[in-house]
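Subject: Structure for you to look at

Hello,

Here is the structure I promised you. Please open it and keep it beside this email while you read.

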Amino acid sequence: MLLHLIADYGIGDLAFAEVRQRLGMLLPDAAVVVTSVGPFDTLGAGFCIGQLALNDGPQDMVLYANIAPRHDEENPRRDNAGERLVAARLASGALVVAPNAGYTFSFLRDETEELRELEVPEAGSQFRSRDLFPDVVARLARGDVGPLGPPLPDEAVPVFPERVVAYTDGYGNLKTTWTELPAQPGARVGIAVGDQRGFAVVSDGAFEVPVGETSFAPGSSGWRRRSGGSIAFLELFRRGNSAAALFGHPPAGTPVEVVG
């Protein structure tokens, strides 16, 4: 079994080790792969989930994510309560388990076979992803449907925002939710990422610019749609350097605009 653990604990944080230890006890044969996103970054987490869950992988694959800013209610939370845990099953057989927080499930909104709440305490521990959730993940991974609760209505999952930064990779490439070229290939356009401005060459491929130039082109992220066809996301790529540094290291959700 391949088990993706996606969370906002911080790269190398003790929390990753604690959750992996718990999963290792419950699913000793699972190979656990860790992916980190920024604090409370449900958009980046949702983007990672889409990229991993909707591309080719082993049938026996589980994605367990925990990004739970507890923003579903503004009042004080009793007993560390947080967003409800939800499970999605995809046509490929992949299983996704995560709190329904922000945009975590938004990239799967039209791609799931089923999306259901889970019967698990929503309170009782500040560290729910270690103390409460792994038992349910393990049960579902072994085929136990006992924790499955009612279906989640479509309106419970927001549509992901268009034309924003979704994720920054280790090279500083800014992966966005743009899906169409803003101009003809070869055009050099002004780009505003939040309040930072620069220029990029619109192209069909990221490397179709000289060293030191920035391209705005379909990158390596995207997937086949359940309804047919495919989706490809554009990214800002600075050849030989970092587009993230050029545009001030914008967080996920920062608008990306083509300007005059």
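Phe-40 is exposed, with a relative accessible area of 52%. Here exposed means over 50% relative accessible area, buried means under 20%, and partly exposed lies in between (1.4 Å probe, protein chains only). Look for Phe-40 in the loop between β2 (31-36) and α2 (42-53). Its phi is near 60°, a positive value in a residue other than glycine.

Before you go on, note that this is a predicted model: local features need pLDDT of at least 70, side-chain atom pairs count only at pLDDT 80 or more, and totals for chains, interfaces and linings use all residues. Residues are numbered from 1 along each chain as its sequence is written, and side-chain values use heavy atoms, with hydrogens and water left out.

Now go to Arg-163. Phi of Arg-163 is also near 60°, and this residue is not glycine either. Arg-163 sits in the loop between β7 (148-151) and β8 (165-168). Is Arg-163 buried or partly exposed? Arg-163 is partly exposed, with a relative accessible area of 45%.

Next, the fold. The protein has 5 helices and 14 strands. Both are DSSP runs, numbered from the N terminus: helices are H or I with at least four residues, strands are E with at least two.

Two strands pair if DSSP finds at least two bridges between them. Strand β10 (residues 188-193) and β14 are joined by 4 bridges and run antiparallel. Ile-191 stands opposite Val-258 in β14.

Last, the whole protein. The C-alpha atoms fill a box of roughly 55 × 40 × 35 Å, taken along the principal axes. Of the 260 residues, 50% are buried. Take contacts between residues at least 6 apart in sequence: 66% of them join residues at least 24 apart. Contact means heavy atoms within 4.5 Å. The protein exposes about 12300 Å², and carbon and sulfur atoms supply 48% of it. Accessible areas come from the Shrake-Rupley method with a 1.4 Å probe; for residues, only the protein chains shown count as cover.

Best wishes
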